[in-house]
Amino acid sequence: MDIHLTNTLSKKKELFVPITAGKVGMYHCGPTVYHFVHIGNLRAFILADITRRVFEYNNYDVAQVMNITDIGHLVSDGDDGDDKMTKGLKREGLAVTLENMLKLARKYEDVFLADIASINILKPKIVARASEHIDEDIDIIKKLAERGYTYTTSDGLYFATEHMHNYGALGGIMHTTADHSRLAENSEKKNPRDFALWKFDETKGWPSPWGQGFPGWHIECSGMSMKYLGDQFDIHTGGHDLASVHHNNEIAQSECSTEHAPFVKYWLHNEFVNIGETKMAKSGDNFITLETVREHGIDPLALRYLYLQSHYRSQVSFSWDALEASQTALHRLKKIVAAFPGDGTVSDSYQTLFHEFINDDLNTAGAIGVVWELLKNSDVSDADKKATLLDFDKVLGLELDKNPSELEIEIPENISELLKKRQDARDSKDWKSSDEIRDEIKSFGFDVKDTDEGQKVSKI
Ligand code: AMP
Ligand code: ZN
């Protein structure tokens with residue numbers, strides 16, 4: 001069955017035609033591990049996971065790479081100021097050394113890998129660390145220098161964008177005045193759009209033909225993707241905010257160093273997760289991690305269900321109510337599946353419908369609609385429903401074969417006692433005492449909700 005994807009390069013939904021029949025190479029911009037990832041970041045990684053799962057469902061041989069940025073990601077797109085890892089070291093009161101940088105990176109990389117596992121994102125086949133691919137970066141920069149695309153300033157080696165005739169093709173965003181002025185901070189640049197390939201640092205980093213220092217963030221993604229996937233590959237994903245600068249710069253470096261175009265055939269970008277009108281960001285105060293989700297007593301997989309209900313190209317407005325509603329729906333679904341008998345066969349007609357949705361630009365929202373449609377159809381036996389839903393779950397990854405995991409939060413003894421007292425009050429319809437005890441529980445930092453299954457506690 002054909003697969004169609006919306007390509008940010010053409011801004012159109014296009015038929016997917018692989019570079020090599022039966023194979024697909026995909027690269028996903030991964031996290032910068034200077035802090036915990038937030039649940040907005042996780043949406044970008046769910047897009048990566050769904051892309052992989054859809055291609056596997058279509059029997060493609062998938063080559064998949066995600067990077068871990070553990071060095072070199074500057075805080076500003078204008079190539080000024082600290083890099084994010086340095087910012088992380090300062091935040092944690094650690095000396096700014098390469099050794100500490102890599103230690104900090106490993107700590108947050110471990111949390112990242114655990115986080116993606118708990119929302120059932122399959123570990124990318126290759127997880128590549130930027131700090132372990134410096135030679136690849138230097139090789140690309142050498143080629144760019146030989147071909148006259150670079151110049152030196154007092155703080156680094158830069159890519160001269162004016163030498164590339166179609167620079168900024170992705171989204172066409174780089175040609176706006178607003179973008180130019182935003183990038184015009186570094187006065188030694190010949191053009192505000194030019195960007196650092198290598199940043200000098202006399203005290204830290206790696207040796208290079210241009211002096212000691214660090215690769216730029218953009219070159220790292222070119223280095224790691226082309227090492228494992230070749231000069232040209234099929235799919236590149238990332239959040240929508242990366243398209244205008246980071247991805248246009250990846251294209252520029254890669255195409256100008258290999259003289260092969262296009263570097264990537266299909267660019268996929270997910271829209272943001274917002275809180276109210278504001279994008280969730282690591283630097284903002286609207287930063288929610290998976291740990292916060294757990295502390296609210298919510299199953300992390302509910303977040304996956306919430307995101308799959310929207311198309312990846314639509315914004316998601318996050319709220320705790322929406323997440324709780326997703327949890328209720330997901331747990332209901334799991335209980336239904338658990339009660340069905342086994343040994344059924346997959347329904348061809350529902351499988352086709354589901355397949356059409358996911359192949360149509362990864363329409364997971366439509367695919368979830370098919371799940372509920374199937375459940376309503378009394379012509380399909382329960383055993384066949386189960387077999388069909390477990391087949392769908394190869395893509396959805398909602399662990400429909402597992403019972404809902406009641407989230408375990410540690411409840412201190414005094415809270416357990418108060419809960420017992422409150423239950424007694426409720427059993428004797430003493431609502432006043434019940435409310436008073438709820439307030440007392442709240443004063444210890446716990447919230448109680450009354451559900452069909454009894455009192456449910458979460459941390460505030
Ligand atoms: P970073 O670690 O900041 O490089 O971001 C990792 C990924 O998360 C990138 O693909 C970003 O584009 C994406 N991202 C960042 N913020 C959000 C958000 N609020 N919603 C969705 N994706 C995001
Ligand atoms: Zn990247």
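Predicted model: local features only at pLDDT ≥ 70, side-chain atom pairs only at ≥ 80, totals over all residues.
1. **Surroundings of the ligand.** Ligand 1 sits in the largest pocket. Its shell is made up of 21 residues, and the closest are Gly239, Asp241, Val273, Met280 and Lys282.

2. **Elements that supply the shell.** Which helix and which strand each supply at least two residues of the shell around ligand 1? They are helix H1, residues 39-57, and strand S10, residues 233-239. The largest share comes from H1, with four residues.

3. **Polar contacts of the ligand.** A polar side-chain atom of Asn41 lies 3.0 Å from an oxygen atom of ligand 1. A polar backbone atom of Gly239 is 2.9 Å from an oxygen atom of ligand 1. For Val273, a backbone N or O atom lies 2.8 Å from a nitrogen atom of ligand 1. On its own, ligand 1 has 500 Å² of accessible area, and the protein covers 95% of that area.

4. **Salt bridges.** Side chains of opposite charge can pair when their charged atoms come close. How many salt bridges does a search of the whole structure find? The search finds 26. One of the salt bridges joins Lys125 to Glu56, with the closest N and O atoms 3.4 Å apart. This pair links distant parts of the chain, since the two residues are 69 residues apart. Lys125 is in the loop between helix H3 (98-118) and strand S5 (126-129), whereas Glu56 belongs to helix H1.

5. **Backbone features.** Most residues other than glycine have a negative phi, and most peptide bonds are trans. The peptide bond from Ala261 to Pro262 is cis, and its omega is near -5°. Pro262 is found in the loop between helix H7 (243-258) and strand S11 (264-270). Asn120, a residue other than glycine, has a positive phi, near 55°. Asn120 is found in the loop between H3 and S5.

Terms used:
Residues numbered from 1 in each chain as written. Chains lettered and ligands numbered in written order. Heavy atoms only, no water. Near = heavy atom within 4 Å. Polar contact = N/O pair within 3.5 Å; in protein donor to acceptor, adjacent residues only side chain to side chain. Areas by Shrake-Rupley, 256 points an atom, 1.4 Å probe, with all protein chains shown as cover. 1 Å grid on protein atoms, 1.4 Å probe; cavity = no way out; pocket = protein on both sides within 12 Å on 5 of 7 lines; lining within 4 Å. Sits in = over half its atoms within 2 Å of the grid points. Salt bridge = Lys/Arg side-chain N within 4 Å of Asp/Glu carboxyl O.
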